[in-house]
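Here is a short note for a colleague who is opening this structure for the first time. Please keep the model on screen while going through the points.

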Amino acid sequence: MNEIRCDVCFRHCVLQEGQTGFCRARENREGRSVCTNRGRITGLALDPIEKKPLAMFHPGSYILSVGSYGCNLACPFCQNWQISMADEKTAGYEEIPAEELAEIILRTDSSIGIAFTYNEPLVEWEYIRDVAQLVKPAGKQVVLVSNGCAEEWVLETLAPFIDAMNIDLKGDAAFYSELQGSYEQVKHTIEFMHDKCHLEITSLIIPGKNDSETWVASEAAWLASLNPEIPLHLTRYFPRWHYTEPATPVSTVFRLKETAERYLNHVFAGNI
């Protein structure tokens, strides 16, 4: 049968030969978990670094942002669901091998490097490694914008190449259970990476889900126990995909910002 258990994230999908996992980006090929979206690019843009969001990493600079398709979560409020929830049949993509993307990065003088974003980059960790190995020697920065759902060996493999990360911490354990995600794996990723690269955290504040002062205080206190200098972005939710509830009140975001500032030295309000 040549059955395997994919070991990239907490899902550990059991895959028969030719079968694709939950993320729609990894497949069992001859008994190996292979990233099928490798180099399949759905978006490439030059963005302000603050858009990632990274507020305290080369502020005022620009970075090339690149994304593919697929994700190992399926958050019903996803802002990029058209590509994160797509697969090779439904995503519009252009194939750009690592060497070609590296050339684009190196000749874009207005960019400090590359940010892997839009979908979940860690499901295609091999492509990140290959590109990073080509651009790091030239002094280009490598950034990941991630949900943090990956096994430690993936993080260990990539950590030497990563200059900055923004990790999405969505809520407490109950909220991750609702999302069928892994609260513990995201926390472990934050713990593992916080002293290996520049790290910033984002929480999308959704009414009735993660907008309590109790949760934000707990989140901020835990981050401060790692390092009170870790920047936290509290961003305003807007209706997306399956979530049609009204946008988060601006007053809520600022109130929670004040709560987080009791513990952390750098808290930012986003999407205001």
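**Pockets and helix packing**

1. Start with the second largest pocket. Two elements, β4 (32–35) and α3 (125–135), each supply at least two residues of its lining. β4 gives the largest share, with four residues. Bear in mind throughout that this is a predicted model.

2. Which residues line the second largest pocket? They are D7, V8, R26, R32, S33, V34, C35, R38, W125, E126 and W153. By class, five are nonpolar, one is polar and five are charged. The space in this pocket comes to about 150 Å³.

3. Now turn to the largest pocket. Its volume is about 920 Å³. The lining has 35 residues, and those closest to the centre of the pocket are K52, P53, Q79, N80 and V145.

4. Which elements give two or more residues to the lining of the largest pocket? They are the strands β10 (141–146), β11 (164–168), β12 (198–205), β13 (232–236) and β14 (267–270). β14 gives the most, with three residues.

5. The make-up of the largest pocket's lining is worth a look. It has 15 nonpolar residues, 13 polar ones and seven charged ones.

6. Next, the helices. Helix α7 (residues 213–226) packs with helix α8 (residues 250–260) at an angle of about 40°, and their axes are 8 Å apart. That angle is why α7 counts as oblique to α8. The crossing of α7 with α8 is right-handed.

7. Which residues make the contact of α7 with α8? On the α7 side they are E213, V216, A217 and A220. On the α8 side they are R255, L256, T259 and A260. Five residues of this contact are nonpolar, one is polar and two are charged.

8. The axes of helix α6 (residues 183–193) and α7 cross at roughly 35° and come within 11 Å. From α6, the contact takes in Y183, K187, I190 and E191. From α7, it takes in W215, W222, L223 and L226. How many residues of this contact are nonpolar, polar and charged? Six are nonpolar, none is polar and two are charged.

Note on methods:
Residues numbered from 1 in each chain as written. Predicted model: local features only at pLDDT ≥ 70, side-chain atom pairs only at ≥ 80, totals over all residues. Heavy atoms only, no water. 1 Å grid on protein atoms, 1.4 Å probe; cavity = no way out; pocket = protein on both sides within 12 Å on 5 of 7 lines; lining within 4 Å. Points joined across faces, edges and corners; volume = space filled by probe spheres on them. Nonpolar A, V, L, I, M, F, W, Y, C, P; charged D, E, K, R; others polar. Axes fitted to C-alpha atoms, helices over the stretch in contact; angles between N-to-C directions. Parallel < 35°, antiparallel > 145°, perpendicular 65-115°, else oblique. Left-handed = near helix turned anticlockwise from the far one by under 90°. Contact = heavy atoms within 4.5 Å.
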